[in-house]
Amino acid sequence: MKEMLWDSAAAESATGGKAQGNWRATGVSIDSRTVEKGDLFIALKGENFDGHDFVKPALEKGAAAAMVSRNIGENFSLLIVPDVAEGLWDLGTASRKRTHAKIIGVTGSVGKTGTKEMLKLALAAFGETYATVGNLNNHFGAPLSLARMPKSAEYGVFELGMNHAGEIALLTNLIKPDVAIITTIEAVHLEFFADVSAIADAKSEIFLGMENGVAVLNMDNVNFPRLKKHAEKQGLKIKTFGAAPEADFRLVSYENIPDGIHVEATVNGKKFAYDLQAPGRHSALNSLGVLAVVDALGEDFHGCLKNLSGYSPTKGRGQVFEIVTKGGKAILIDDSYNASPASCRAAFEVLLARKNADGRAIALLGDMRELGKNSADLHALLAEDIVARDIDLVFTCGELMANLYAALPKDKRGGHYADSAEMAAKIMDELRGGDAILVKGSNGMKMIKVVEKLKNAL
(Lines give C-alpha, C1' and ligand atoms only; values in the text may rest on other atoms or scores of the structure.)
Protein backbone atom coordinates (compact mmCIF):
# COMPACT_ATOMS: atom_id res chain seq x y z
CA MET A 1 0.00 0.00 0.00
CA LYS A 2 1.32 3.45 -0.93
CA GLU A 3 2.21 5.86 1.86
CA MET A 4 -0.15 8.79 2.31
CA LEU A 5 1.61 12.00 1.25
CA TRP A 6 -1.05 14.64 1.73
CA ASP A 7 -4.51 14.74 3.20
CA SER A 8 -6.92 17.63 2.83
CA ALA A 9 -5.97 19.16 6.20
CA ALA A 10 -2.20 19.00 5.59
CA ALA A 11 -2.58 20.43 2.09
CA GLU A 12 -4.75 23.25 3.42
CA SER A 13 -2.14 24.07 6.05
CA ALA A 14 0.73 23.96 3.56
CA THR A 15 -0.87 26.20 0.95
CA GLY A 16 -3.31 28.39 2.85
CA GLY A 17 -5.95 27.07 0.47
CA LYS A 18 -9.43 25.74 1.09
CA ALA A 19 -10.10 22.01 0.84
CA GLN A 20 -13.36 20.73 -0.53
CA GLY A 21 -14.12 17.28 0.83
CA ASN A 22 -11.99 15.05 3.04
CA TRP A 23 -9.40 13.29 0.90
CA ARG A 24 -6.05 11.51 1.14
CA ALA A 25 -3.46 11.55 -1.65
CA THR A 26 -0.69 9.01 -2.14
CA GLY A 27 0.94 10.83 -5.06
CA VAL A 28 1.16 14.18 -6.86
CA SER A 29 0.74 14.68 -10.62
CA ILE A 30 0.80 17.59 -13.07
CA ASP A 31 -0.18 15.50 -16.11
CA SER A 32 -3.71 14.17 -16.52
CA ARG A 33 -2.45 11.68 -19.11
CA THR A 34 -0.30 9.85 -16.58
CA VAL A 35 -2.23 10.57 -13.37
CA GLU A 36 -2.56 7.52 -11.13
CA LYS A 37 -5.18 6.42 -8.63
CA GLY A 38 -4.73 8.35 -5.40
CA ASP A 39 -2.82 11.30 -6.90
CA LEU A 40 -3.40 14.94 -6.09
CA PHE A 41 -3.72 16.46 -9.58
CA ILE A 42 -2.18 19.93 -9.91
CA ALA A 43 -4.10 21.97 -12.51
CA LEU A 44 -1.24 24.12 -13.77
CA LYS A 45 -1.68 26.67 -16.53
CA GLY A 46 0.73 26.92 -19.46
CA GLU A 47 0.98 29.05 -22.58
CA ASN A 48 -1.10 26.61 -24.59
CA PHE A 49 -3.13 24.74 -21.98
CA ASP A 50 -5.09 25.12 -18.77
CA GLY A 51 -4.97 22.21 -16.35
CA HIS A 52 -8.46 23.07 -15.14
CA ASP A 53 -9.75 21.64 -18.43
CA PHE A 54 -8.40 18.24 -17.40
CA VAL A 55 -9.54 18.08 -13.78
CA LYS A 56 -12.63 16.00 -14.48
CA PRO A 57 -10.74 13.39 -16.60
CA ALA A 58 -8.05 13.20 -13.89
CA LEU A 59 -10.63 12.58 -11.18
CA GLU A 60 -12.40 10.01 -13.34
CA LYS A 61 -9.06 8.15 -13.65
CA GLY A 62 -8.87 7.92 -9.87
CA ALA A 63 -7.14 11.09 -8.70
CA ALA A 64 -7.90 11.70 -5.02
CA ALA A 65 -8.37 15.45 -5.52
CA ALA A 66 -7.29 18.38 -7.68
CA MET A 67 -5.53 21.62 -6.79
CA VAL A 68 -7.33 24.43 -8.62
CA SER A 69 -7.63 28.22 -8.52
CA ARG A 70 -11.39 28.24 -9.00
CA ASN A 71 -14.25 26.03 -7.86
CA ILE A 72 -15.17 23.82 -10.80
CA GLY A 73 -17.94 21.90 -9.10
CA GLU A 74 -19.37 21.31 -5.62
CA ASN A 75 -19.16 17.53 -5.98
CA PHE A 76 -15.43 17.40 -6.68
CA SER A 77 -12.64 16.78 -4.15
CA LEU A 78 -10.54 19.91 -4.45
CA LEU A 79 -7.91 22.14 -2.92
CA ILE A 80 -8.74 25.70 -3.97
CA VAL A 81 -5.78 28.09 -3.91
CA PRO A 82 -5.25 31.62 -5.29
CA ASP A 83 -2.51 30.47 -7.70
CA VAL A 84 -1.87 26.83 -8.61
CA ALA A 85 1.85 27.25 -9.41
CA GLU A 86 2.39 28.96 -6.07
CA GLY A 87 0.34 26.25 -4.40
CA LEU A 88 2.65 23.58 -5.83
CA TRP A 89 5.64 25.56 -4.56
CA ASP A 90 4.01 25.73 -1.12
CA LEU A 91 3.58 21.95 -1.08
CA GLY A 92 7.27 21.54 -1.88
CA THR A 93 8.22 24.00 0.87
CA ALA A 94 6.09 22.16 3.42
CA SER A 95 7.56 18.81 2.38
CA ARG A 96 11.08 20.16 2.91
CA LYS A 97 10.17 21.49 6.35
CA ARG A 98 8.63 18.25 7.58
CA THR A 99 11.25 15.81 6.29
CA HIS A 100 14.05 14.35 8.38
CA ALA A 101 15.88 13.17 5.26
CA LYS A 102 19.35 14.30 4.32
CA ILE A 103 18.99 16.25 1.07
CA ILE A 104 21.47 16.13 -1.81
CA GLY A 105 21.41 18.64 -4.67
CA VAL A 106 22.92 17.69 -8.03
CA THR A 107 23.82 20.11 -10.80
CA GLY A 108 26.45 20.58 -13.51
CA SER A 109 26.68 21.19 -17.24
CA VAL A 110 26.55 17.48 -18.09
CA GLY A 111 26.11 14.27 -16.12
CA LYS A 112 23.39 15.46 -13.73
CA THR A 113 20.83 12.75 -14.37
CA GLY A 114 23.35 9.90 -14.41
CA THR A 115 24.91 11.12 -11.17
CA LYS A 116 21.48 11.46 -9.58
CA GLU A 117 20.62 7.88 -10.57
CA MET A 118 23.95 6.60 -9.21
CA LEU A 119 23.28 8.40 -5.92
CA LYS A 120 19.84 6.84 -5.70
CA LEU A 121 21.37 3.38 -5.99
CA ALA A 122 24.31 4.06 -3.70
CA LEU A 123 22.35 5.66 -0.85
CA ALA A 124 19.75 2.88 -0.91
CA ALA A 125 22.44 0.78 0.78
CA PHE A 126 22.03 2.94 3.88
CA GLY A 127 18.33 3.76 4.02
CA GLU A 128 15.15 4.62 2.14
CA THR A 129 16.15 6.90 -0.72
CA TYR A 130 13.95 9.09 -2.88
CA ALA A 131 15.18 10.83 -6.05
CA THR A 132 13.88 13.12 -8.74
CA VAL A 133 12.12 11.10 -11.44
CA GLY A 134 13.59 11.68 -14.90
CA ASN A 135 14.82 15.25 -15.24
CA LEU A 136 12.13 17.15 -13.32
CA ASN A 137 14.68 19.81 -12.40
CA ASN A 138 13.07 23.19 -13.19
CA HIS A 139 10.69 25.62 -11.45
CA PHE A 140 7.83 23.12 -11.81
CA GLY A 141 9.84 19.91 -11.51
CA ALA A 142 11.71 20.77 -8.31
CA PRO A 143 8.64 21.58 -6.14
CA LEU A 144 6.77 18.65 -7.69
CA SER A 145 9.63 16.32 -6.80
CA LEU A 146 9.72 17.62 -3.23
CA ALA A 147 5.94 17.32 -2.88
CA ARG A 148 6.21 13.66 -3.93
CA MET A 149 8.92 12.76 -1.40
CA PRO A 150 7.70 10.17 1.13
CA LYS A 151 7.71 11.31 4.75
CA SER A 152 9.64 8.13 5.59
CA ALA A 153 12.58 8.90 3.25
CA GLU A 154 16.02 9.03 4.85
CA TYR A 155 17.76 10.51 1.82
CA GLY A 156 16.43 12.78 -0.93
CA VAL A 157 18.35 13.37 -4.18
CA PHE A 158 17.27 16.32 -6.30
CA GLU A 159 18.54 17.35 -9.72
CA LEU A 160 18.65 21.12 -10.33
CA GLY A 161 18.90 22.47 -13.88
CA MET A 162 19.06 25.88 -15.49
CA ASN A 163 19.75 27.76 -18.70
CA HIS A 164 19.70 31.28 -17.24
CA ALA A 165 21.41 32.92 -14.26
CA GLY A 166 19.27 33.08 -11.14
CA GLU A 167 17.28 29.92 -11.79
CA ILE A 168 19.29 27.62 -9.52
CA ALA A 169 19.29 30.26 -6.74
CA LEU A 170 15.51 29.99 -6.67
CA LEU A 171 15.51 26.19 -6.67
CA THR A 172 18.22 25.69 -4.05
CA ASN A 173 16.40 27.94 -1.59
CA LEU A 174 13.49 25.53 -1.94
CA ILE A 175 15.50 22.29 -1.81
CA LYS A 176 18.01 23.49 0.85
CA PRO A 177 20.64 20.77 0.24
CA ASP A 178 22.79 19.35 3.01
CA VAL A 179 25.31 18.25 0.37
CA ALA A 180 25.63 19.60 -3.18
CA ILE A 181 27.61 18.15 -6.07
CA ILE A 182 28.56 19.99 -9.26
CA THR A 183 29.54 17.35 -11.81
CA THR A 184 31.48 19.64 -14.16
CA ILE A 185 31.29 22.98 -15.97
CA GLU A 186 31.29 23.00 -19.77
CA ALA A 187 30.19 25.07 -22.78
CA VAL A 188 26.46 24.45 -22.47
CA HIS A 189 23.69 27.10 -22.76
CA LEU A 190 26.26 29.63 -24.01
CA GLU A 191 23.45 31.36 -25.85
CA PHE A 192 22.43 32.80 -22.48
CA PHE A 193 25.87 33.43 -20.91
CA ALA A 194 28.87 35.59 -21.73
CA ASP A 195 31.34 32.73 -21.24
CA VAL A 196 31.93 29.45 -19.41
CA SER A 197 32.99 31.30 -16.24
CA ALA A 198 29.53 32.82 -16.08
CA ILE A 199 28.08 29.30 -16.30
CA ALA A 200 30.26 28.32 -13.33
CA ASP A 201 28.88 31.26 -11.36
CA ALA A 202 25.31 30.26 -12.20
CA LYS A 203 25.87 26.63 -11.21
CA SER A 204 27.46 27.82 -7.95
CA GLU A 205 24.13 29.33 -6.99
CA ILE A 206 23.33 25.86 -5.62
CA PHE A 207 25.42 26.77 -2.56
CA LEU A 208 23.13 29.70 -1.67
CA GLY A 209 20.48 27.41 -0.19
CA MET A 210 22.97 25.64 2.08
CA GLU A 211 24.00 26.10 5.71
CA ASN A 212 26.94 24.23 7.25
CA GLY A 213 26.90 21.72 4.40
CA VAL A 214 29.40 20.12 2.06
CA ALA A 215 30.20 20.99 -1.55
CA VAL A 216 31.50 18.13 -3.72
CA LEU A 217 33.52 19.46 -6.65
CA ASN A 218 35.31 18.10 -9.72
CA MET A 219 38.95 19.02 -9.20
CA ASP A 220 39.84 18.34 -12.84
CA ASN A 221 37.63 21.11 -14.19
CA VAL A 222 39.33 24.36 -15.13
CA ASN A 223 36.68 26.24 -13.15
CA PHE A 224 37.37 24.35 -9.93
CA PRO A 225 39.06 27.37 -8.22
CA ARG A 226 36.04 29.50 -9.08
CA LEU A 227 33.58 26.95 -7.73
CA LYS A 228 35.68 26.44 -4.60
CA LYS A 229 35.68 30.18 -3.94
CA HIS A 230 31.89 30.32 -4.15
CA ALA A 231 31.54 27.37 -1.77
CA GLU A 232 33.99 28.83 0.74
CA LYS A 233 32.15 32.16 0.63
CA GLN A 234 29.05 30.28 1.77
CA GLY A 235 31.02 28.66 4.60
CA LEU A 236 30.84 25.13 3.21
CA LYS A 237 33.21 22.24 3.67
CA ILE A 238 34.66 20.90 0.41
CA LYS A 239 35.29 17.38 -0.85
CA THR A 240 36.86 16.76 -4.25
CA PHE A 241 36.96 14.08 -6.90
CA GLY A 242 38.88 13.67 -10.15
CA ALA A 243 42.15 12.41 -11.58
CA ALA A 244 44.12 15.26 -10.00
CA PRO A 245 46.69 13.92 -7.51
CA GLU A 246 45.24 16.13 -4.75
CA ALA A 247 41.64 14.94 -5.20
CA ASP A 248 40.06 13.32 -2.13
CA PHE A 249 38.47 10.62 -4.32
CA ARG A 250 41.07 10.15 -7.02
CA LEU A 251 40.66 8.24 -10.27
CA VAL A 252 43.79 6.15 -10.79
CA SER A 253 42.64 4.24 -13.88
CA TYR A 254 39.72 2.67 -15.64
CA GLU A 255 39.47 0.02 -18.31
CA ASN A 256 36.72 -1.21 -20.56
CA ILE A 257 35.18 -4.54 -19.64
CA PRO A 258 32.13 -6.29 -21.12
CA ASP A 259 29.10 -4.06 -20.53
CA GLY A 260 30.98 -1.35 -18.64
CA ILE A 261 34.21 -0.32 -16.96
CA HIS A 262 36.50 -1.41 -14.14
CA VAL A 263 37.53 1.54 -11.94
CA GLU A 264 40.56 1.81 -9.70
CA ALA A 265 40.76 4.73 -7.31
CA THR A 266 42.24 5.97 -4.05
CA VAL A 267 40.91 7.82 -1.01
CA ASN A 268 43.38 9.06 1.60
CA GLY A 269 46.04 7.09 -0.25
CA LYS A 270 44.17 3.78 0.12
CA LYS A 271 43.30 1.90 -3.06
CA PHE A 272 39.91 0.41 -3.87
CA ALA A 273 38.21 -0.85 -7.03
CA TYR A 274 34.74 -1.50 -8.41
CA ASP A 275 32.87 -2.12 -11.66
CA LEU A 276 30.17 -0.04 -13.35
CA GLN A 277 27.67 -1.14 -15.98
CA ALA A 278 28.27 2.15 -17.78
CA PRO A 279 31.04 3.04 -20.21
CA GLY A 280 33.40 5.98 -20.41
CA ARG A 281 35.79 8.04 -18.32
CA HIS A 282 32.98 10.45 -17.49
CA SER A 283 31.08 7.61 -15.81
CA ALA A 284 34.13 6.73 -13.73
CA LEU A 285 34.56 10.36 -12.62
CA ASN A 286 30.89 10.89 -11.81
CA SER A 287 30.82 7.68 -9.77
CA LEU A 288 33.71 9.00 -7.67
CA GLY A 289 31.72 12.16 -7.11
CA VAL A 290 28.89 9.95 -5.85
CA LEU A 291 31.23 8.22 -3.41
CA ALA A 292 32.43 11.63 -2.19
CA VAL A 293 28.79 12.58 -1.49
CA VAL A 294 28.24 9.34 0.43
CA ASP A 295 31.35 10.08 2.47
CA ALA A 296 30.19 13.66 3.09
CA LEU A 297 26.95 12.26 4.52
CA GLY A 298 28.96 10.31 7.07
CA GLU A 299 28.47 6.87 5.55
CA ASP A 300 31.18 4.31 4.73
CA PHE A 301 31.27 4.43 0.92
CA HIS A 302 32.60 0.85 0.76
CA GLY A 303 29.13 -0.24 1.84
CA CYS A 304 27.52 1.05 -1.36
CA LEU A 305 29.98 -0.24 -3.98
CA LYS A 306 27.86 -3.32 -4.68
CA ASN A 307 24.79 -1.15 -5.25
CA LEU A 308 26.73 1.30 -7.38
CA SER A 309 28.02 -1.48 -9.60
CA GLY A 310 24.43 -2.07 -10.69
CA TYR A 311 24.11 1.35 -12.31
CA SER A 312 23.47 1.41 -16.04
CA PRO A 313 22.57 4.37 -18.29
CA THR A 314 18.95 5.49 -18.56
CA LYS A 315 16.91 6.00 -21.74
CA GLY A 316 18.54 8.36 -24.21
CA ARG A 317 21.69 8.70 -22.11
CA GLY A 318 23.94 5.92 -23.35
CA GLN A 319 21.76 2.82 -23.39
CA VAL A 320 23.21 0.10 -25.63
CA PHE A 321 21.19 -2.19 -27.90
CA GLU A 322 21.93 -4.92 -30.39
CA ILE A 323 20.17 -4.21 -33.67
CA VAL A 324 19.94 -5.95 -37.03
CA THR A 325 21.10 -4.24 -40.22
CA LYS A 326 20.89 -5.58 -43.74
CA GLY A 327 24.37 -6.98 -43.31
CA GLY A 328 23.96 -8.52 -39.87
CA LYS A 329 24.02 -7.53 -36.21
CA ALA A 330 25.31 -4.13 -35.05
CA ILE A 331 25.60 -2.18 -31.78
CA LEU A 332 23.46 0.92 -31.19
CA ILE A 333 24.33 3.51 -28.52
CA ASP A 334 21.30 5.66 -27.74
CA ASP A 335 22.64 9.00 -26.47
CA SER A 336 19.83 10.93 -28.12
CA TYR A 337 18.52 12.92 -25.16
CA ASN A 338 20.88 15.89 -25.42
CA ALA A 339 24.21 17.11 -26.77
CA SER A 340 27.00 19.59 -26.12
CA PRO A 341 30.64 19.66 -27.24
CA ALA A 342 31.76 18.04 -23.97
CA SER A 343 29.10 15.31 -24.00
CA CYS A 344 29.82 14.57 -27.66
CA ARG A 345 33.50 14.02 -26.89
CA ALA A 346 32.56 11.68 -24.04
CA ALA A 347 30.15 9.83 -26.34
CA PHE A 348 32.87 9.41 -28.99
CA GLU A 349 34.98 7.63 -26.38
CA VAL A 350 32.09 5.30 -25.58
CA LEU A 351 31.57 4.63 -29.29
CA LEU A 352 35.19 3.59 -29.76
CA ALA A 353 35.00 1.32 -26.71
CA ARG A 354 32.12 -0.51 -28.41
CA LYS A 355 33.81 -0.76 -31.81
CA ASN A 356 34.68 -4.26 -32.98
CA ALA A 357 38.18 -4.93 -34.27
CA ASP A 358 36.84 -5.60 -37.77
CA GLY A 359 33.87 -3.19 -37.59
CA ARG A 360 33.25 0.51 -38.10
CA ALA A 361 32.55 3.32 -35.64
CA ILE A 362 29.64 5.36 -37.02
CA ALA A 363 28.36 8.64 -35.51
CA LEU A 364 24.87 9.94 -36.33
CA LEU A 365 24.78 13.52 -35.03
CA GLY A 366 22.10 16.21 -34.78
CA ASP A 367 22.49 19.88 -33.90
CA MET A 368 23.81 20.97 -30.50
CA ARG A 369 21.56 23.86 -29.47
CA GLU A 370 21.89 26.92 -27.19
CA LEU A 371 25.61 27.39 -27.90
CA GLY A 372 25.39 31.08 -28.71
CA LYS A 373 27.27 33.21 -31.21
CA ASN A 374 30.10 30.70 -31.68
CA SER A 375 27.76 27.80 -32.35
CA ALA A 376 28.92 27.24 -35.93
CA ASP A 377 32.57 27.07 -34.86
CA LEU A 378 31.83 24.76 -31.92
CA HIS A 379 30.12 22.33 -34.30
CA ALA A 380 32.98 22.48 -36.80
CA LEU A 381 35.59 21.91 -34.07
CA LEU A 382 34.17 18.46 -33.36
CA ALA A 383 35.89 17.41 -36.60
CA GLU A 384 39.20 17.50 -34.74
CA ASP A 385 37.90 15.07 -32.11
CA ILE A 386 36.47 12.77 -34.77
CA VAL A 387 39.74 12.66 -36.68
CA ALA A 388 41.83 12.23 -33.51
CA ARG A 389 39.68 9.29 -32.42
CA ASP A 390 39.57 7.84 -35.94
CA ILE A 391 35.81 7.51 -36.06
CA ASP A 392 35.16 5.87 -39.41
CA LEU A 393 32.10 7.67 -40.71
CA VAL A 394 29.87 10.57 -39.65
CA PHE A 395 26.29 11.30 -40.72
CA THR A 396 24.80 14.65 -39.68
CA CYS A 397 21.45 16.41 -39.71
CA GLY A 398 20.35 19.99 -39.05
CA GLU A 399 21.59 23.42 -40.09
CA LEU A 400 24.24 23.64 -37.38
CA MET A 401 25.69 20.19 -37.96
CA ALA A 402 26.25 21.18 -41.59
CA ASN A 403 29.25 23.11 -40.22
CA LEU A 404 30.74 19.89 -38.84
CA TYR A 405 30.02 18.03 -42.04
CA ALA A 406 31.86 20.66 -44.09
CA ALA A 407 34.86 20.53 -41.73
CA LEU A 408 35.24 16.75 -41.92
CA PRO A 409 37.77 15.07 -44.21
CA LYS A 410 35.95 13.68 -47.23
CA ASP A 411 36.61 10.08 -46.22
CA LYS A 412 34.75 10.68 -42.93
CA ARG A 413 31.62 12.13 -44.54
CA GLY A 414 28.76 9.67 -44.67
CA GLY A 415 25.94 12.04 -45.55
CA HIS A 416 24.04 15.11 -44.40
CA TYR A 417 20.27 15.33 -43.92
CA ALA A 418 17.86 18.20 -43.34
CA ASP A 419 16.51 16.74 -40.10
CA SER A 420 16.21 13.59 -38.01
CA ALA A 421 13.13 12.41 -39.92
CA GLU A 422 15.07 12.34 -43.19
CA MET A 423 18.02 10.66 -41.48
CA ALA A 424 15.74 8.02 -39.97
CA ALA A 425 14.17 7.33 -43.37
CA LYS A 426 17.46 6.87 -45.21
CA ILE A 427 20.14 5.75 -42.76
CA MET A 428 19.53 1.98 -42.83
CA ASP A 429 20.95 1.78 -46.36
CA GLU A 430 24.29 3.11 -45.02
CA LEU A 431 24.80 0.61 -42.20
CA ARG A 432 26.12 -2.93 -42.13
CA GLY A 433 26.80 -5.79 -39.76
CA GLY A 434 29.58 -5.22 -37.22
CA ASP A 435 29.03 -1.45 -37.01
CA ALA A 436 29.02 0.38 -33.67
CA ILE A 437 26.57 3.25 -34.10
CA LEU A 438 26.19 6.35 -31.90
CA VAL A 439 23.07 8.53 -32.10
CA LYS A 440 23.36 11.93 -30.43
CA GLY A 441 21.86 15.42 -30.65
CA SER A 442 20.03 18.06 -28.66
CA ASN A 443 16.59 17.00 -27.48
CA GLY A 444 14.85 19.41 -29.83
CA MET A 445 16.37 17.60 -32.80
CA LYS A 446 14.27 14.52 -31.98
CA MET A 447 17.10 12.09 -32.65
CA ILE A 448 14.96 9.51 -30.88
CA LYS A 449 13.29 9.07 -34.28
CA VAL A 450 16.56 7.68 -35.60
CA VAL A 451 16.96 5.42 -32.58
CA GLU A 452 13.47 3.99 -32.93
CA LYS A 453 13.96 3.41 -36.64
CA LEU A 454 17.17 1.49 -36.02
CA LYS A 455 15.71 -0.53 -33.14
CA ASN A 456 12.66 -1.54 -35.15
CA ALA A 457 14.29 -2.06 -38.55
CA LEU A 458 14.00 -5.33 -40.43
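This is a predicted model: local features need pLDDT of at least 70, side-chain atom pairs count only at pLDDT 80 or more; totals for chains, interfaces and linings use all residues.
Residues are numbered from 1 along each chain as its sequence is written. Local features need pLDDT of at least 70, side-chain atom pairs count only at pLDDT 80 or more, totals for chains, interfaces and linings use all residues, and side-chain values use heavy atoms, without hydrogens and water.

**Exercise 1.** Compare the radius of gyration of the chain with that of a compact globule.

*Solution.* Take the C-alpha atoms; the globule rule is 2.2 Å times the number of residues to the power 0.38. For 458 residues, a compact globule would have a radius near 23 Å. The chain has 23 Å, so the two agree. Along its principal axes, the C-alpha trace spans about 70 × 55 × 45 Å.

**Exercise 2.** Find what share of the residues is buried.

*Solution.* Buried means under 20% relative accessible area (1.4 Å probe, protein chains only). Of the 458 residues, 54% pass this test.

**Exercise 3.** Classify the ring pairs Phe 249–Phe 301 and Phe 272–Tyr 274.

*Solution.* Rings of Phe, Tyr and Trp (its six-membered ring) pair if their centres lie within 6.5 Å; planes under 30 degrees apart are stacked, over 60 edge-to-face, the rest tilted. The whole structure holds four aromatic pairs. Start with Phe 249 and Phe 301: their centres are 5.1 Å apart and their planes at 75 degrees, so this pair is edge-to-face. Phe 249 lies in strand β14 and Phe 301 in the loop between α9 and α10, so the pair ties together parts 52 residues apart in sequence. Both residues, Phe 249 and Phe 301, are buried. Next, the rings of Phe 272 and Tyr 274 have centres 6.0 Å apart and planes at 15 degrees, so they are stacked. Phe 272 and Tyr 274 are both buried. Finally, Phe 249, Phe 272, Tyr 274 and Phe 301 form one aromatic cluster.

Methods. Buried means under 20% relative accessible area, exposed over 50%, partly exposed in between (1.4 Å probe, protein chains only). Helices (H or I, at least four residues) and strands (E, at least two) are DSSP runs, numbered from the N terminus.
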